[in-house]
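This report covers a strand pairing, the nonpolar core and the surroundings of a ligand. The sequence and structure come first.

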Amino acid sequence: MGKIPVLKVVIAGDGNVGKTSLVRRYCEGKFEASRVATIGVDFQTKVVELPAGSVKLSIWDMAGQDRFRVVRSGFYRGSLATALVYDVTDLISLANLKKWHQEISGITPDQKFIVVGNKIDLERVEQVEAAQTFAERITASYLETSALTGEGVTDMFRALASIASSHLSFPQDESVDQQNKSLRDEDPQSPLG
Ligand SMILES: Nc1nc2c(ncn2[C@@H]2O[C@H](COP(=O)(O)OP(=O)(O)O)[C@@H](O)[C@H]2O)c(=O)[nH]1
Ligand SMILES: [Mg+2]
(Lines give C-alpha, C1' and ligand atoms only; values in the text may rest on other atoms or scores of the structure.)
(Ligands and ions follow the chains in the order given, each with its own letter.)
Protein backbone atom coordinates (compact mmCIF):
# COMPACT_ATOMS: atom_id res chain seq x y z
CA MET A 1 0.00 0.00 0.00
CA GLY A 2 1.25 3.48 -0.82
CA LYS A 3 1.31 6.14 1.87
CA ILE A 4 -1.26 8.90 1.72
CA PRO A 5 0.49 12.11 0.59
CA VAL A 6 0.35 14.96 3.12
CA LEU A 7 -0.33 18.33 1.52
CA LYS A 8 0.15 21.59 3.37
CA VAL A 9 -2.46 24.26 2.68
CA VAL A 10 -2.94 27.72 4.20
CA ILE A 11 -6.08 29.65 5.14
CA ALA A 12 -5.34 33.37 4.80
CA GLY A 13 -7.30 36.61 5.06
CA ASP A 14 -8.07 39.40 7.50
CA GLY A 15 -8.85 38.73 11.15
CA ASN A 16 -12.52 37.97 11.87
CA VAL A 17 -13.47 36.75 8.35
CA GLY A 18 -14.06 33.22 9.74
CA LYS A 19 -10.86 31.31 8.88
CA THR A 20 -10.73 29.37 12.14
CA SER A 21 -14.49 28.76 12.02
CA LEU A 22 -14.19 27.26 8.51
CA VAL A 23 -11.41 24.89 9.63
CA ARG A 24 -13.40 23.92 12.75
CA ARG A 25 -16.52 23.31 10.72
CA TYR A 26 -14.67 21.13 8.25
CA CYS A 27 -12.43 19.17 10.64
CA GLU A 28 -14.66 18.96 13.73
CA GLY A 29 -18.14 19.52 12.26
CA LYS A 30 -18.97 22.30 14.72
CA PHE A 31 -19.42 26.06 14.95
CA GLU A 32 -18.97 28.29 17.99
CA ALA A 33 -20.69 31.68 17.83
CA SER A 34 -18.26 33.39 20.19
CA ARG A 35 -14.79 32.11 20.31
CA VAL A 36 -11.57 33.58 21.63
CA ALA A 37 -9.01 34.29 18.90
CA THR A 38 -6.21 31.75 18.94
CA ILE A 39 -2.66 32.85 19.65
CA GLY A 40 0.07 31.25 17.57
CA VAL A 41 -0.49 28.75 14.78
CA ASP A 42 -3.65 26.72 14.49
CA PHE A 43 -3.16 23.53 12.57
CA GLN A 44 -5.37 20.51 11.84
CA THR A 45 -5.28 17.57 9.47
CA LYS A 46 -8.00 15.77 7.57
CA VAL A 47 -8.01 13.03 4.94
CA VAL A 48 -9.84 14.01 1.76
CA GLU A 49 -10.99 11.44 -0.79
CA LEU A 50 -10.53 12.81 -4.28
CA PRO A 51 -11.57 10.99 -7.45
CA ALA A 52 -7.90 10.27 -8.19
CA GLY A 53 -7.04 9.04 -4.65
CA SER A 54 -6.81 10.10 -1.01
CA VAL A 55 -4.69 12.94 0.33
CA LYS A 56 -4.18 14.21 3.86
CA LEU A 57 -4.56 17.97 4.14
CA SER A 58 -2.43 19.69 6.74
CA ILE A 59 -4.41 22.89 7.21
CA TRP A 60 -2.57 25.93 8.58
CA ASP A 61 -4.74 28.72 9.92
CA MET A 62 -3.26 32.18 10.45
CA ALA A 63 -4.51 32.21 14.04
CA GLY A 64 -3.57 35.38 15.92
CA GLN A 65 -0.84 36.40 13.50
CA ASP A 66 -2.83 38.32 10.94
CA ARG A 67 -0.92 41.52 11.63
CA PHE A 68 2.53 40.08 12.21
CA ARG A 69 4.10 40.00 8.79
CA VAL A 70 7.54 38.85 10.01
CA VAL A 71 6.21 35.71 11.68
CA ARG A 72 4.22 34.76 8.63
CA SER A 73 6.91 34.15 6.00
CA GLY A 74 8.01 30.86 7.60
CA PHE A 75 4.38 29.91 7.98
CA TYR A 76 3.84 29.86 4.18
CA ARG A 77 6.82 27.69 3.32
CA GLY A 78 5.95 24.29 1.91
CA SER A 79 2.36 25.29 1.33
CA LEU A 80 0.91 24.19 -2.02
CA ALA A 81 -2.43 25.97 -2.02
CA THR A 82 -4.00 28.87 -0.15
CA ALA A 83 -7.61 29.82 0.44
CA LEU A 84 -7.90 33.62 0.41
CA VAL A 85 -10.94 34.20 2.63
CA TYR A 86 -12.99 37.41 2.93
CA ASP A 87 -16.26 38.19 4.72
CA VAL A 88 -19.15 38.94 2.29
CA THR A 89 -20.46 41.59 4.72
CA ASP A 90 -17.11 43.42 4.81
CA LEU A 91 -15.82 45.19 1.68
CA ILE A 92 -12.45 45.97 3.26
CA SER A 93 -11.72 42.29 3.83
CA LEU A 94 -12.25 41.74 0.08
CA ALA A 95 -10.01 44.66 -0.91
CA ASN A 96 -7.31 43.31 1.40
CA LEU A 97 -7.17 39.95 -0.40
CA LYS A 98 -4.94 41.64 -2.97
CA LYS A 99 -2.33 42.26 -0.26
CA TRP A 100 -2.60 38.71 1.06
CA HIS A 101 -2.15 37.37 -2.46
CA GLN A 102 0.90 39.56 -3.08
CA GLU A 103 2.51 38.64 0.22
CA ILE A 104 2.04 34.90 -0.25
CA SER A 105 3.03 34.73 -3.91
CA GLY A 106 6.11 36.82 -3.05
CA ILE A 107 7.27 34.12 -0.63
CA THR A 108 6.01 31.01 -2.48
CA PRO A 109 5.77 31.87 -6.20
CA ASP A 110 4.23 28.50 -7.18
CA GLN A 111 1.39 28.81 -4.68
CA LYS A 112 -2.08 28.07 -6.08
CA PHE A 113 -5.14 29.94 -4.80
CA ILE A 114 -8.87 29.79 -4.35
CA VAL A 115 -10.96 32.81 -3.32
CA VAL A 116 -13.65 32.23 -0.68
CA GLY A 117 -16.48 34.55 0.38
CA ASN A 118 -17.57 33.45 3.89
CA LYS A 119 -20.63 34.32 6.06
CA ILE A 120 -23.21 33.98 3.25
CA ASP A 121 -25.83 33.31 5.94
CA LEU A 122 -25.66 37.05 6.74
CA GLU A 123 -26.93 39.98 4.67
CA ARG A 124 -24.17 40.66 2.22
CA VAL A 125 -22.80 43.83 0.73
CA GLU A 126 -23.11 43.49 -3.07
CA GLN A 127 -19.65 42.56 -4.18
CA VAL A 128 -19.84 39.18 -5.90
CA GLU A 129 -18.71 40.63 -9.23
CA ALA A 130 -15.66 42.31 -7.70
CA ALA A 131 -14.76 39.06 -5.94
CA GLN A 132 -15.16 37.05 -9.16
CA THR A 133 -13.09 39.56 -11.13
CA PHE A 134 -10.31 39.37 -8.55
CA ALA A 135 -10.41 35.55 -8.61
CA GLU A 136 -10.19 35.52 -12.42
CA ARG A 137 -7.27 37.91 -12.37
CA ILE A 138 -5.25 35.57 -10.15
CA THR A 139 -6.58 32.46 -12.05
CA ALA A 140 -8.34 31.14 -8.98
CA SER A 141 -11.81 29.69 -8.63
CA TYR A 142 -14.36 31.56 -6.55
CA LEU A 143 -16.50 29.83 -3.91
CA GLU A 144 -18.85 30.97 -1.16
CA THR A 145 -19.31 29.45 2.27
CA SER A 146 -20.96 29.73 5.64
CA ALA A 147 -19.04 28.26 8.54
CA LEU A 148 -22.25 28.75 10.55
CA THR A 149 -24.56 26.62 8.36
CA GLY A 150 -21.78 24.56 6.78
CA GLU A 151 -22.88 25.52 3.25
CA GLY A 152 -20.05 25.23 0.71
CA VAL A 153 -17.45 24.25 3.31
CA THR A 154 -16.80 20.71 2.03
CA ASP A 155 -16.56 22.06 -1.53
CA MET A 156 -14.04 24.66 -0.40
CA PHE A 157 -11.66 22.13 1.15
CA ARG A 158 -12.12 19.68 -1.73
CA ALA A 159 -11.19 22.47 -4.15
CA LEU A 160 -8.10 23.25 -2.07
CA ALA A 161 -7.13 19.56 -1.91
CA SER A 162 -7.66 19.22 -5.62
CA ILE A 163 -5.39 22.13 -6.64
CA ALA A 164 -2.81 21.22 -3.98
CA SER A 165 -2.59 17.68 -5.38
CA SER A 166 -2.39 18.67 -9.03
CA HIS A 167 1.34 17.85 -9.12
CA LEU A 168 0.79 14.27 -7.82
CA SER A 169 0.57 11.29 -10.13
CA PHE A 170 -2.09 8.97 -8.77
CA PRO A 171 -2.39 6.12 -7.99
CA GLN A 172 0.53 5.89 -5.58
CA ASP A 173 0.06 2.15 -5.06
CA GLU A 174 1.37 1.30 -8.50
CA SER A 175 4.94 0.97 -9.63
CA VAL A 176 6.54 3.74 -11.66
CA ASP A 177 6.30 1.51 -14.76
CA GLN A 178 2.58 1.09 -14.33
CA GLN A 179 2.14 4.81 -13.74
CA ASN A 180 4.03 5.62 -16.91
CA LYS A 181 2.01 3.07 -18.84
CA SER A 182 -1.27 4.54 -17.66
CA LEU A 183 0.04 8.01 -18.53
CA ARG A 184 0.73 6.84 -22.09
CA ASP A 185 -2.63 5.12 -22.35
CA GLU A 186 -4.82 7.78 -20.83
CA ASP A 187 -3.27 11.22 -20.98
CA PRO A 188 -3.34 12.77 -24.45
CA GLN A 189 -1.10 15.60 -23.18
CA SER A 190 1.58 13.26 -21.92
CA PRO A 191 5.05 13.89 -23.35
CA LEU A 192 5.53 10.10 -23.22
CA GLY A 193 2.74 9.42 -25.66
N1 LIG B 1 -22.77 34.48 10.81
C2 LIG B 1 -21.57 33.95 10.63
N3 LIG B 1 -20.57 34.20 11.51
C4 LIG B 1 -19.36 33.63 11.29
C5 LIG B 1 -19.12 32.78 10.19
N6 LIG B 1 -17.81 32.37 10.25
C7 LIG B 1 -17.30 32.94 11.35
N8 LIG B 1 -18.22 33.71 11.99
C9 LIG B 1 -18.03 34.50 13.22
O10 LIG B 1 -17.06 35.51 12.92
C11 LIG B 1 -16.18 35.72 14.03
C12 LIG B 1 -14.74 35.49 13.60
O13 LIG B 1 -14.56 34.13 13.27
P14 LIG B 1 -13.11 33.44 13.32
O15 LIG B 1 -13.28 32.08 12.80
O16 LIG B 1 -12.49 33.62 14.66
O17 LIG B 1 -12.34 34.37 12.26
P18 LIG B 1 -10.76 34.41 11.94
O19 LIG B 1 -10.19 35.54 12.73
O20 LIG B 1 -10.69 34.70 10.46
O21 LIG B 1 -10.19 33.09 12.30
C22 LIG B 1 -16.65 34.76 15.12
O23 LIG B 1 -17.51 35.45 16.00
C24 LIG B 1 -17.41 33.70 14.37
O25 LIG B 1 -18.39 33.09 15.16
C26 LIG B 1 -20.20 32.52 9.27
O27 LIG B 1 -20.09 31.80 8.27
N28 LIG B 1 -21.39 33.13 9.55
MG1 LIG C 1 -8.60 32.64 13.59
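## The β2–β3 hairpin

In this predicted model, strands β2 and β3 make a hairpin, and two residues lie between them. The two strands, β2 at residues 42-50 and β3 at residues 53-61, run antiparallel and are joined by nine bridges. Within this pairing, valine 48 is placed opposite valine 55 of β3.

## The largest nonpolar core

The largest nonpolar core contains 43 residues. Ile11, Val115 and Leu160 have the most contacts inside this core. At least two core residues come from each of the strands β1 (6-12), β3, β4 (81-87) and β5 (112-118). The helices α1, α4 (97-107), α5 (128-137) and α6 (153-164) likewise supply at least two residues each. Of these elements, α6 gives the largest share, with seven residues.

Which residues does isoleucine 11 touch, leaving out those up to four places away in sequence? Isoleucine 11 touches Lys19, Leu22 and Val23, then Ile59, Trp60, Asp61 and Met62, and also Ala83 and Val85.

## The shell around ligand 1

Ligand 1 is surrounded by 18 residues. The closest of them are Gly18, Lys19, Thr20, Ser21 and Ala147. By class, the shell holds eight polar, six nonpolar and four charged residues.

Helix α1, spanning residues 19-28, contributes the most to this shell, with three residues.

Definitions and conventions:
Residues are numbered from 1 along each chain as its sequence is written. Chains are lettered from A and ligands numbered from 1 in the order in which they are written. This is a predicted model: local features need pLDDT of at least 70, side-chain atom pairs count only at pLDDT 80 or more; totals for chains, interfaces and linings use all residues. A residue is near a molecule or strand if its C-beta atom, placed from the backbone, lies within 6 Å of it. Helices (H or I, at least four residues) and strands (E, at least two) are DSSP runs, numbered from the N terminus. Ala, Val, Leu, Ile, Met, Phe, Trp, Tyr, Cys and Pro count as nonpolar, Asp, Glu, Lys and Arg as charged, and the others, Gly among them, as polar. Two strands pair if DSSP finds at least two bridges between them. A nonpolar core is a set of buried Ala, Val, Leu, Ile, Met, Phe, Trp, Tyr and Cys residues joined through C-beta atoms within 7 Å. A residue is buried if 20 or more other C-beta atoms lie within 10 Å of its own, exposed if 12 or fewer, and partly exposed in between; C-beta atoms are placed from the backbone. Two residues are in contact if their C-beta atoms, placed from the backbone, lie within 7 Å.
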